[in-house]
Amino acid sequence: MKKKNYREIAVREIEKLALCKTNDVLYLMFSKEVPEPDAFKKIDFSSVTEIKRDKDGGLQVKFVDRQSLFESLVKLTSEEKNENDAANFLNTIIGKDCE
């Protein structure tokens, strides 16, 4: 069985989050009409950490902290870090052991 390279997996996932576009989510926020339910299937919500509607009907959307993601990326790609750091990072994110 081939051993997983947790560092590469973590780096790839962080890169996706740090570089993902928020255009569709912002369009949805500022849209005057509610989109069809099928439209939500096409929108990438991976950068969204929280969505709230206030009592006045306003919509508040919080996105991932890109600066923190880039800092994590630098740490994972530095030569000082080892594969266990990446595995621990993935365990924290997905909440189970990565074997």
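## Briefing on a predicted helical and stranded chain

In helix H4, the residues Leu69, Leu73 and Leu76 are buried. Around the helix axis they cover an arc of only 70°, which puts them on the same side of H4. The model described here is predicted. The protein chain has 99 residues, of which 22% count as buried.

**Overall architecture**

- The protein chain contains 5 helices and 2 strands.
- Along the sequence, these elements follow the pattern α-α-α-β-β-α-α.

**Helix H4**

- Helix H4 has 12 residues, which at 1.5 Å a residue should span 16 Å; the end C-alpha atoms are 16 Å apart, in agreement with that expectation.
- The face of H4 turned away from the buried side carries exposed residues, namely Gln67, Val74 and Lys75.
- Leu73, a residue of H4, counts as buried because its relative accessibility is 14%, and the cut-off for a buried residue is under 20%.
- Leu73 and Glu15 are 58 residues apart along the chain, and their C-alpha atoms are separated by 7.5 Å.

**Helix H1**

- The buried residues in helix H1 are Tyr6, Ala10, Val11, Ile14 and Ala18.
- Seen down the axis of H1, these buried residues fall within an arc of 125°, so they line one face of the helix.
- An α-helix has 3.6 residues a turn, so residues three or four places apart point the same way.
- The 14 residues of H1 should span 20 Å at 1.5 Å a residue, and this agrees with the end C-alpha atoms, which are 20 Å apart.

**Nonpolar cores**

- The largest nonpolar core is made of 10 residues: Tyr6, Ala10, Val11, Ile14, Ala18, Val64, Leu69, Leu73, Leu76 and Leu90.
- Helix H1 (6-19) and helix H4 (66-77) each contribute at least two residues to this core.
- H1 gives the most to this core, with 5 residues.
- Another core, of 5 residues, lies apart from it, and its members include Val25, Leu28, Ile43 and Val61.
- In soluble globular proteins, nonpolar side chains tend to be buried together.

**Largest pocket**

- The largest pocket holds about 180 Å³ of space.
- The residues lining the largest pocket are Leu28, Met29, Ser31, Lys32, Glu33, Val34, Pro35, Phe40, Arg53, Gly57, Gly58 and Leu59.
- Sorted by class, this lining comprises 6 nonpolar, 3 polar and 3 charged residues.

- Lys42 belongs to helix H3, which covers residues 37-42.
- Lys42 is exposed because its relative accessible area is 71%, and exposed residues are those over 50%.
- The C-alpha atoms of Lys42 and Asp24 are separated by 8.8 Å, and the two residues are 18 residues apart along the chain.
- Asn88 is found in helix H5, which covers residues 83-94.
- With a relative accessible area of 46%, Asn88 is partly exposed.
- Asn88 and Tyr6 are 82 residues apart along the chain, and their C-alpha atoms are separated by 9.0 Å.
- Tyr6 is also one of the residues of the largest nonpolar core.

Definitions and conventions
Residues numbered from 1 in each chain as written. Predicted model: local features only at pLDDT ≥ 70, side-chain atom pairs only at ≥ 80, totals over all residues. Heavy atoms only, no water. 1 Å grid on protein atoms, 1.4 Å probe; cavity = no way out; pocket = protein on both sides within 12 Å on 5 of 7 lines; lining within 4 Å. Points joined across faces, edges and corners; volume = space filled by probe spheres on them. Nonpolar A, V, L, I, M, F, W, Y, C, P; charged D, E, K, R; others polar. Core = buried A, V, L, I, M, F, W, Y, C linked by side-chain atoms within 4.5 Å. Buried < 20%, exposed > 50% of the residue type's maximum accessible area, 1.4 Å probe, protein only. Helix = DSSP H or I, 4+ residues; strand = E, 2+ residues; numbered from the N terminus. Expected span 1.5 Å × (residues − 1). Arc of directions from axis to C-beta.
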